[in-house]
Amino acid sequence: MHAFTGTVGHEYHALLARHDAMRLRRRMLGQDRAPEPELASAVPYDGAADQRLIVRHLPLVTPFDELIGLLYDEMFARWPSLRRLFPASMEFQRSHLARAFRYLIENLDRPDEVAAFFTRLGRDHRKLGVRPVHYETFEAALCVALRKSAGPGWSEAAEQAWVRMLRFAVAAMVDGAEATLAEPAYWRGTVVGHELRRPDLAVLRVRTDEPYPYRAGQYAAVESPLLPQAWRQYSLACAPRPVRELEFHVRQTGAGGVSEALVAHTRVGDTLRLGPAQGTMTLDDDPSRELLMVAGGTGWAPVKALLEELAGRRGGGGGPALPAVREPRGVQLFLGARSRDELYDARVLSRWAARHRWLHVVPVLDVGAQGGGRGPVVEAVARRGGWSGHLAFVSGPPAMVGATVARLTAAGLPAEQVRYDPVLDSPAA
């Protein structure tokens, strides 16, 4: 029995999970028997048609608060054992699901983009202990919740559009989980450094027990043992290093959440769990274009990682040897902050700007700002103009990112030359 619960047991459960994934995928695609591979994708998903139908009936089920409350009530009433997969407080989970619904509906006419995003999400969800059968229970609970929330104006056609949308996303998540069965569901790390830069902001250094694969510019979900099953996404603030040491910049954004646990209650020697690295805000192997980087607040963290990788590629970053590349003619960095105090990494930034002639830094201060998307950093980037030939990277508060991306694309920078990641986490976590 003990031998079975060791390596053999893990292999058994991996095979079982793979079997479940394949079986659910066949059901999601409406197949009673395993088809020939080419038949499974013969009819592409018409996301635009379902999007129109869902949007037409959307007023019946929005705001999503009631719908999501009914969904979880139904799911936990019918399958009480599923409650253990969720954190003690469901507030964040509810808001996270609402953002996921909005993302799906707004982007359903771009199914390739949605599939890529949910494939990455499925890989990440392995850390929660989610099995394919759990998606089936979620679908059943969602259908009940839709009918109850919408009332008599609901239609079977609208419900089926929601089901097809969900199944499309779930099939991508199952693919993502199935493709990564050989890697850990999560990584364990030990805090080896915890530096308060401000009362509400800490820089954490975490050493993982085993190699943690990632690229500069990506982010990871982090769980503190103080709040089991409550995972929050934070950008990695360093390029990959020879030692298994990661860096995170965490700003406390609310009381009682993961950010408070990491900033105020985490100490050197504590252990954390990390989900797999995610995100597409990464450098090309040959960045021949000039680069534009726009960051606000702790959005500086992924930009710092990108700059560290660029410096390493030129042999001046002190990191691991990286492939030699043609260096861009220059890197323009716009760094937004409400005050000089919020430029918490100013010394590092000044040192890099003095050392690397290719880096030009424009700090943009907005003393007394209350947040929002049309702050001075957005206006500063727009006034500078002439970005059409650049490759842009944007990170920071969601409103700032959205406004910056909109201004850049409106000014003629092709959307494929703007890199940012849609993060579904709440700003108050």
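Guide: Let us begin with a term: helices (H or I, at least four residues) and strands (E, at least two) are DSSP runs, numbered from the N terminus. Under that scheme, Gln229 lies in the loop between strand S3 (219–223) and strand S4 (231–235). Please note that this is a predicted model.

Visitor: How many helices and strands does the protein have?

Guide: The protein has 13 helices and 11 strands. Its accessible surface comes to about 20600 Å², and 54% of that belongs to carbon and sulfur atoms. Of the 429 residues in the protein, 50% are buried.

Visitor: Let us stay with Gln229. Why does Gln229 count as buried?

Guide: The cut-off for buried is under 20% relative accessible area. Gln229 has 15% relative accessibility, so Gln229 counts as buried.

Visitor: What is phi of Gln229?

Guide: Phi of Gln229 is near 70°, which is a positive value in a residue other than glycine. For background, most residues other than glycine have a negative phi, and most peptide bonds are trans.

Visitor: Which peptide bond is cis?

Guide: The bond from Thr62 to Pro63 is cis, with omega near -5°. Pro63 belongs to the loop between H3 and H4.

Visitor: Which residues in H3 and H5 meet?

Guide: Gln51, Ile54 and Val55 in H3 meet Ile105, Glu106 and Asn107 in H5. The residues of this contact comprise 3 nonpolar, 2 polar and 1 charged.

Visitor: Why is H5 called roughly perpendicular to H8?

Guide: H5 and helix H8 (residues 156–178) pack at an angle of about 100°, with axes 11 Å apart. The range for roughly perpendicular is 65 to 115 degrees, so H5 is roughly perpendicular to H8. The contact is formed by Phe101, Leu104 and Ile105 of H5 together with Trp162, Met165 and Ala169 of H8. By class, the contact of H5 with H8 has 6 nonpolar residues, no polar and no charged ones.

Visitor: What is the largest nonpolar core, and which residues have the most contacts inside it?

Guide: The largest nonpolar core has 44 residues, and those with the most contacts inside it are Phe64, Phe101, Phe118 and Trp162. Two or more residues are given to this core by each of H3, helix H4 (64–78), H5, helix H6 (111–125), helix H7 (132–150) and H8. The largest share, 10 residues, comes from H8. In soluble globular proteins, nonpolar side chains tend to be buried together.

Visitor: Which residues are in contact with Trp162, leaving aside its neighbours within four places in sequence?

Guide: With those neighbours left aside, Trp162 is in contact with Ile54, Leu58, Val61, Phe64, Leu67, Phe101, Ile105, Leu142, Leu146 and Trp154. There is also a second, separate core of 29 residues, which includes Ala216, Leu283, Val331 and Trp358.

Visitor: How do you know that Ala392 is buried?

Guide: Ala392, found in strand S10 (residues 391–395), has a relative accessible area of 0%. Buried means under 20%, so Ala392 is buried. Not counting residues up to four places away in sequence, Ala392 touches Leu292, Leu408, Leu413, Gln417, Val418 and Arg419.

Visitor: Is Lys304 buried or exposed?

Guide: Lys304 has a relative accessible area of 7%, which is under 20%, and therefore Lys304 is buried. Lys304 has its place in helix H10 (residues 300–313). Lys304 and Ala237 are 67 residues apart in sequence, yet 5.8 Å apart in space, C-alpha to C-alpha.

Visitor: Why does Arg131 count as partly exposed?

Guide: Buried requires under 20% and exposed requires over 50%, with partly exposed in between. Arg131 has 28% relative accessibility, so Arg131 counts as partly exposed. The place of Arg131 is in the loop between H6 and H7.

Methods
Residues numbered from 1 in each chain as written. Predicted model: local features only at pLDDT ≥ 70, side-chain atom pairs only at ≥ 80, totals over all residues. Heavy atoms only, no water. Contact = heavy atoms within 4.5 Å. Nonpolar A, V, L, I, M, F, W, Y, C, P; charged D, E, K, R; others polar. Buried < 20%, exposed > 50% of the residue type's maximum accessible area, 1.4 Å probe, protein only. Areas by Shrake-Rupley, 256 points an atom, 1.4 Å probe, with all protein chains shown as cover. Axes fitted to C-alpha atoms, helices over the stretch in contact; angles between N-to-C directions. Parallel < 35°, antiparallel > 145°, perpendicular 65-115°, else oblique. Core = buried A, V, L, I, M, F, W, Y, C linked by side-chain atoms within 4.5 Å.
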